[in-house]
Amino acid sequence: MDLLPVEIKVNIEGDVAAALSALDASGGAKTTRRIWFAEDREGVAEGQVPLLVGGVIVRFRVGSGPGDLTVKLRPCNREQLVGRFAAPFEAEPFTYKIEADWSGTNRVLAASLVHDHQSQTLSGAVEPGGDPASAIDEVQGQFLHACAPAVRLDGLVALGPILSTKFDDVQLDDLDVDLEAWSVAGLEFLEASIRVKPKDGDAPEDLTARAERKQQKLKDAMLASGVNLSEHSENKTRRVLTALAQAHQS
């Protein structure tokens, strides 16, 4: 079985602007977009996020340039990724990735199918009264039907928009770090991430050991920059969606 890349994420607490300054984020390529997530309407009315709890994420990203719609399974396992979805692929306008997702002590597998769009083609699906499921195309529908057949996409509501500001390839020690800040409803979140790719000849234990060293190095470099690391092991998606659903309920 082929080894998979590892995405390592670290949550940062405190003043986001101050943290970005301390990490010298201005040295990275900046992208600003708005993000929505689709969730079950009835669940949200009760302050719940049943799609997310069931391991399904439907995300819309819209900006001044191209946008995208992502359908992701997290957590998942290799056995449920069947047919053409058993291995990563690229077939424009689609990118399908399978990777390990590490956030704190949580280590899970994630599979995501991204469809690139012109931003304006996604806007109607996330407007008030719009149907987020209408933007999910045939290939993404096949992905869910094959790999998560119990998922129902009728009765969805879009939660957002979240303002996303991302800085790619920020130099921190000798690491290339991506920083992404999310702002919505008076809440601010900042996440740092790096990717560790398999090398030729790697055994599984080699990749795991190298990823663990990189994870510790990322934490040490961030602490040395003076930022406060969060004790929350949940990724920013879970934290933000839970807050949005609870706010929607009230």
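**Overall fold and local features of the predicted model**

Among contacts between residues at least 6 apart in sequence, 69% join residues at least 24 apart; a contact means heavy atoms within 4.5 Å. The structure is a predicted model, in which local features need pLDDT of at least 70, side-chain atom pairs count only at pLDDT 80 or more, and totals for chains, interfaces and linings use all residues. Residues are numbered from 1 along each chain as its sequence is written, and side-chain values use heavy atoms, with hydrogens and water left out.

The protein has seven helices and 11 strands. These are DSSP runs numbered from the N terminus (helices: H or I, at least four residues; strands: E, at least two). The radius of gyration is 18 Å, close to the 18 Å that the globule rule gives for 250 residues, so the protein is as compact as a globular protein of that length. This radius is taken over C-alpha atoms, and the rule is 2.2 Å times the number of residues to the power 0.38. The C-alpha trace spans about 45 × 45 × 35 Å along its principal axes. Of the 250 residues, 48% count as buried. Buried means under 20% relative accessible area, exposed over 50%, and partly exposed in between (1.4 Å probe, protein chains only).

Helix 5 covers residues 138–147. Its buried residues are Val 139, Gln 140, Phe 143, Leu 144 and Cys 147. Seen down the helix axis, they fall within an arc of 140°, so they line one face of helix 5. The arc is that of the directions from the helix axis to the C-beta atoms. The face turned away from the buried side carries the exposed residues Glu 138 and His 145. The cover over the buried residues of helix 5 includes strand 3 (56–63), strand 4 (66–76), strand 6 (94–103) and strand 7 (106–118).

Strand 4 also holds Pro 75. A cis peptide bond joins Arg 74 to Pro 75, with omega about 0°. A cis bond also runs from Glu 92 to Pro 93, where omega is near 10°. Pro 93 lies in the loop between strand 5 (89–91) and strand 6. Most residues other than glycine have a negative phi, and most peptide bonds are trans.

Asp 24 is not a glycine, yet has a positive phi of about 55°. Asp 24 sits in the loop between helix 1 (16–22) and strand 2 (29–40). Phi of Asp 169 is also positive, near 55°. Asp 169 lies in strand 8 and, at 47% relative accessibility, counts as partly exposed.
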